[in-house]
Amino acid sequence: MTAAINRAQANNCPAYKPIPNTLINFTAESMCSVLNCKARPMTNITLPELLLFIERVAERSRIDAITGIVALMYIYRLKVKLPPKAKGEYGTSHRIFLASLLVASKFLYGDEGLNNRTMAEISGVFTTQQVNRMEKELLELLNYNVWVNDQDIKEFLEKYKAELCFI
């Protein structure tokens, strides 16, 4: 296990609260609307269903709700930039989610946030090199526009308060 995972486990303090199921479900639904992806292949299946993947990564990474929300904001920024008929390979949604979460954690927490090797371990399916590439590609697609301030978060939460129910 990496130092970040060990640190997260060592900091098993009562202040940590798992992200709400409504945020996980909304994230999974949002990922499905980012772009059309090819169907799950019948052979060589290595990825869990998207909702299960999001749940597992959120739990293993011990992210907080704000990190999940900022990652979701990046996903919506990406959605606006993609052509309406954009298509992806099977697993593209998994990759976008993982990269968004990684970038959100780094933006919010700097060196204390998640790192690429830890995210690869947490994913259980991607290598560090693949995570590096996912992060780079997401940042390029977002034109490195990852700045989020309190007002941006408030506006996002206001816009999606019905879907997020926990606010």
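**Contacts, helices and core**

Author: Among contacts (heavy atoms within 4.5 Å) in the protein chain between residues at least 6 apart in sequence, 83% join residues at least 24 apart. This is a predicted model, where local features need pLDDT of at least 70 and side-chain atom pairs count only at pLDDT 80 or more, while totals for chains, interfaces and linings use all residues. Residues are numbered from 1 along each chain as its sequence is written, and side-chain values use heavy atoms, leaving out hydrogens and water.

Reader: How many helices and strands does the protein chain have?

Author: The protein chain has nine helices and two strands, taken as DSSP runs numbered from the N terminus, with helices (H or I) of at least four residues and strands (E) of at least two.

Reader: And which residues touch the most other members of the largest nonpolar core?

Author: They are Val57, Tyr74, Leu98, Met119 and Val131, in a core of 51 residues; such a core is a set of buried Ala, Val, Leu, Ile, Met, Phe, Trp, Tyr and Cys residues joined through side-chain atoms within 4.5 Å, where buried means under 20% relative accessible area with a 1.4 Å probe, protein chains only. Helix H4 gives the most to this core, with nine residues.

Reader: What is Val57 in contact with, beyond its neighbours within four places in sequence?

Author: Val57 is in contact with Phe97, Leu98, Leu101, Met119, Ile122 and Ser123.

Reader: Switching to H2, which of its residues are buried?

Author: Leu23, Ile24, Phe26, Thr27, Ala28, Ser30, Met31 and Val34 are buried in H2, and their cover includes H3, H4, H5 and helix H9 (161-164).

How values were computed. Buried < 20%, exposed > 50% of the residue type's maximum accessible area, 1.4 Å probe, protein only.
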